[in-house]
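Have the model open alongside as you read.

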Amino acid sequence: MVRDIRTLLVISLLPLIIMPLMGLSSLYLQQYQQGVVVIIDEDRSWALLGNHNVSSRDLMTKIVDALRASNFIVRVAMNIGDLKNEYYDLKVVILKGFVKNATSFTKVAHVKIIRTVGSVKAYDADRIVQNELAAYSKYISQIKTLYLADKSGLKVSTESVLTPIKVIIGMISPEGVAASPTEEFRSYLARIVAFSLIFVTTPSIAYITDSIIGEKERKTFEAVLATPIPRQALLLGKVLSTSLVGLIAGISDAIGLILFFVLPSLAYGINVLAYLTADLVIIHIVGVYISILASLALVLPAMIRAGSYRSSQAVSLAIISIASIIFFICLYVDIPNLLPLIKYPFYILPYTHVVVMIRNIVLGAPIKALIHLSVALAESAALLMFSVKMFSDERIIYLKT
Amino acid sequence: MRYAVELYNVKKKFGKIAALKGITLKVHEGEVFGLIGPNGAGKTTTLRIIATLVKHDEGYVNVLGYELPKDKEKVRKFISYLPEEASLYHRLTGWENLLYFAMIYAENKDQAHKLAELGAKIAGLSSDALKRRASEYSKGMARRIAVARTLMSRSKLVILDEPTSGLDVFSAVRIREMIKNFAKSLKTTIIISSHNMLEVQYLCDRIALIHEGRIVATDTPENLVKYTNSANLEEAFIKLVGDYHE
C-alpha cells in the first residue's frame with residue numbers, strides 16, 4: 001500500500017485541491033447568481049414631522065440603492081398587477097397608509113416582505129431590505145423624539161431616549177480567566193477543527209479493511225499467518241502502518257477543510273490564518289491520529305469476529321456514522337455541559353474525548369485536555385488488545401469475501 | 001523412528017459438515033509425504049491443522065515434537081506453508097516478495113538477504129525477471145516464487161498444498177523439479193497435497209490416500225500399486241476408495 005505513490009498522492013492532494021475549490025467556487029458563483037427583487041410602493045405619499053421629511057419614495061430609493069449595490073436586479077412597480085406572472089426572489093410592498101402611520105404617535109407602519117421558497121438569494125435580499133428598514137425606522141424614531149421634545153420644551157438626547165441601556169460585554173474562560181474576542185474566535189475555530197475530524201475515520205477504516213480483508217482476498221494472508229510472526233505484532237503492525245497512511249489522508253482532509261473556510265474569509269478581508277496558532281495545529285494533528293487509532297480499535301474486533309466481508313462492512317459503516325455524529329454535534333453542543341445521563345454514554349467513545357481534549361486546549365485547560373487524551377488512548381489501546389485476544393486464524397481463513 | 005508429524009483420530013467439523021472424520025497418519029522425519037485425494041476429501045483442512053491455522057475438534061496432533069494447538073507458536077518457528085492458490089504481493093517485485101518472507105524468518109538483514117538469494121536460486125528466475133513486479137508475472141513464474149519462498153526458509157517441515165494446481169505442463173514439471181532437488185539437498189520433511197497421482201508418485205517417498213475425511217491407505221506408491229493389484233496409482237486409488245465409499 002505504501003509503495004503506491006500515486007494512491008498516496010491522490011489521497012493527500014485531492015482534499016487540498018477539492019475543498020478550497022468548493023469554498024472559492026461557491027463564493028464566486030454566489031456573486032454571479034443574480035437575484036430579482038420586486039418593490040411596490042402602494043402608499044406613494046410623504047409628510048413632514050417638524051422639519052423632517054418622511055416619504056415612502058425615500059424609503060424605496062434607499063432599499064433599491066442597497067439592493068443594486070449588491071448586484072440584485074430590482075424592478076419597481078406602482079401596483080401588484082404591473083408585475084403579474086413575473087419571477088422574483090423577494091417582493092417588498094410598502095403598504096398604503098405607510099407614511100400616515102409612521103408619522104402617527106399611536107399607530108405603526110407596515111411593509112410586507114414575501115420570500116420565494118427555496119431561493120438562496122431571497123435570504124440575502126431579505127437581510128439587505130431588513131437593514132434598510134431598521135435604519136429608516138431608527139430615523140423616524142429620532143425625528144419623533146425631537147418633535148416631542150420640541151413640543152414639551154425639554155432638552156433631549158435622542159440616544160438617551162431611544163437606547164437608554166448600553167451593554168458592556170466582557171469575556172471569561174471556563175477556568176475563570178479573562179478572555180479576549182480573539183480567544184472567543186479561537187474557540188469557534190476549535191469547533192471547526194474538531195468537526196474536520198469527520199473526514200478522518202472513513203479513509204483509516206477503509207485502509208485497515210484493505211489491509212486485512214483485502215489481503216485475505218488477494219490470497220496473501222494465509223501464508224503469512226503460518227509464519228512465526230506473533231499475532232500481536234501482525235495486528236499492531238497493520239494498525240501502525242494503516243494509521244500512518246490514515247494520518248496523511250486525515251491531515252490533508254483537515255487542511256482542505258481549513259482552506260475551505262480560510263480562502264473565502266480572506267476574500268472578505270478576514271485573516272482566519274492569524275488565529276490558527278501552533279498549539280491548535282499540533283492538537284489537531286494529535287486529534288487526527290487518536291481518532292484514526294480509535295476508529296481502527298473500534299473496527300478491528302468487529303472485523304475479526306465478523307463471519308463475512310459484508311457484515312464487517314456494515315460494522316465499519318456504523319462506526320463511521322457514530323464518529324460523524326459526534327464530530328458534527330460538537331459544532332453546536334458542549335458535551336461536558338450536558339446532563340450526566342446524556343453525557344456519560346458519549347464518554348464511552350474515544351471520539352468524544354478527542355473533541356473535549358481540543359476544546360480544553362483552546363480554552364486553556366491543559367490538565368483536563370491531558371486527562372481526556374489519556375482516556376481516549378487507554379480506550380483505544382484496550383480495544384486493540386481485545387482485538388489481539390479475539391484474533392482467530394480460522395475465522396480469517398474461512399471468512400466469506 | 002522419529003515422526004515429524006503425528007495425527008491420531010483427528011476430527012473437524014464446520015457447522016454440521018464433518019470435514020475430517022478421524023484422520024490418523026504419521027510422517028517420518030526427512031521424507032516427502034504425499035496426501036492425495038479428490039476435491040473436498042479433507043486434504044487442505046488436514047494441512048491447515050498441521051500448519052497451526054485450524055484447530056481440530058477431537059484427536060491428537062503432534063508436529064515436530066510439539067502438541068497442537070497448545071504449542072502452535074513454537075511450531076510456527078519450524079514450519080513453512082504454501083496454501084493452495086497462494087498469491088504474491090503484486091506491487092512488489094519477485095525479489096522483494098522473497099526478501100519480505102526472508103525477513104520474517106531471518107534474525108538480521110544479512111541473513112535475510114542470504115535466504116532471499118537462496119530463494120532466487122530455487123526459483124531459477126533470471127535477475128531481470130526478479131526485478132519485475134509480481135503483477136507482470138505469468139501464473140507459472142508467480143508459483144515458482146511462491147514455492148521458492150516456502151522452501152528457502154530451511155524450515156524443518158515444509159507444507160505444500162497443491163503446489164502445481166492450475167499450472168500448464170511445463171510449469172508443473174519445473175515446480176516438481178524444484179521440490180525434488182530441494183528435498184534431496186536439504187533432507188527436510190515435506191508434506192505435499194495433490195490430486196495428481198503422477199505427481200505424488202514422482203515426488204513422494206510415501207503417500208496417504210484420503211477420501212471423505214478419512215485416510216484410506218498409507219504406504220509407498222509402489223506398495224499401494226502392488227497390494228491392490230493395480231496397473232497404476234490412479235487405479236489403486238479407485239479400488240481402495242470403492243471400499244470406503246459411503
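## Cysteines

Cys330(A) counts as buried, because its relative accessibility is 3%; buried means under 20% relative accessible area, exposed means over 50%, and partly exposed is in between (1.4 Å probe, protein chains only). Cys204(B) lands in the buried class too, at 8% relative accessibility. As for disulfides, taken as a pair of cysteine sulfur atoms within 2.5 Å, the count over all chains is 0.

## Ground rules

This is a predicted model, so local features need pLDDT of at least 70 and side-chain atom pairs count only at pLDDT 80 or more, while totals for chains, interfaces and linings use all residues. Residues are numbered from 1 along each chain as its sequence is written, chains are lettered from A and ligands numbered from 1 in the order in which they are written, and side-chain values use heavy atoms, with hydrogens and water left out.

## Where A meets B

How many residues does the contact take from chain A and from chain B? Chain A puts in 20 residues and chain B 28 residues, with contact meaning heavy atoms within 4.5 Å. About 2,100 Å² is buried between chain A and chain B, and carbon and sulfur atoms give 55% of that. Buried area here is the accessible area (1.4 Å probe) that two parts lose on being put together, summed over both.

On the polar side, 9 residue pairs are in polar contact between chain A and chain B, both residues at pLDDT 80 or more. A polar contact is a pair of N or O atoms within 3.5 Å; within protein, one must be able to donate a hydrogen and the other to accept it, and residues adjacent in sequence count only if both atoms are side-chain atoms. On the side of chain A that touches chain B, the elements giving two or more residues are helix 8 (221-225) and helix 15 (393-397) of chain A. Helix 8 of chain A gives the most, with 4 residues. Helices (H or I, at least four residues) and strands (E, at least two) are DSSP runs, numbered from the N terminus. That side of chain A splits into 9 nonpolar, 2 polar and 9 charged residues. Nonpolar covers Ala, Val, Leu, Ile, Met, Phe, Trp, Tyr, Cys and Pro, charged covers Asp, Glu, Lys and Arg, and the others, Gly among them, are polar.

## Salt bridges across the interface

The interface of chain A and chain B holds 4 salt bridges, each a side-chain nitrogen of Lys or Arg within 4 Å of a carboxyl oxygen of Asp or Glu. One of them pairs Glu85(B) with Lys219(A), the closest N and O atoms being 4.0 Å apart.

Arg76(B) also bridges to Asp393(A), with the closest N and O atoms 2.8 Å apart. Arg76(B) sits in helix 2 (residues 72-76) of chain B and Asp393(A) in helix 15 of chain A, so the pair joins two chains. Arg76(B) is buried at a relative accessible area of 3%, and Asp393(A) is buried at 6% relative accessibility.

## Salt bridges within a chain

Over all chains, the salt bridge count comes to 21. In chain A, Arg218(A) and Asp210(A) meet at 3.2 Å, N to O. Arg218(A) is partly exposed at 42% relative accessibility, and Asp210(A) is partly exposed at 31%.

In chain B, Asp57(B) and Lys12(B) form a salt bridge (3.7 Å, N to O). Asp57(B) lies in the loop between helix 1 (43-50) and strand 4 (58-63) of chain B and Lys12(B) in strand 1 (residues 3-14), so the pair ties together parts 45 residues apart in sequence. Asp57(B) is partly exposed at 45%, whereas Lys12(B) is buried at 4%.
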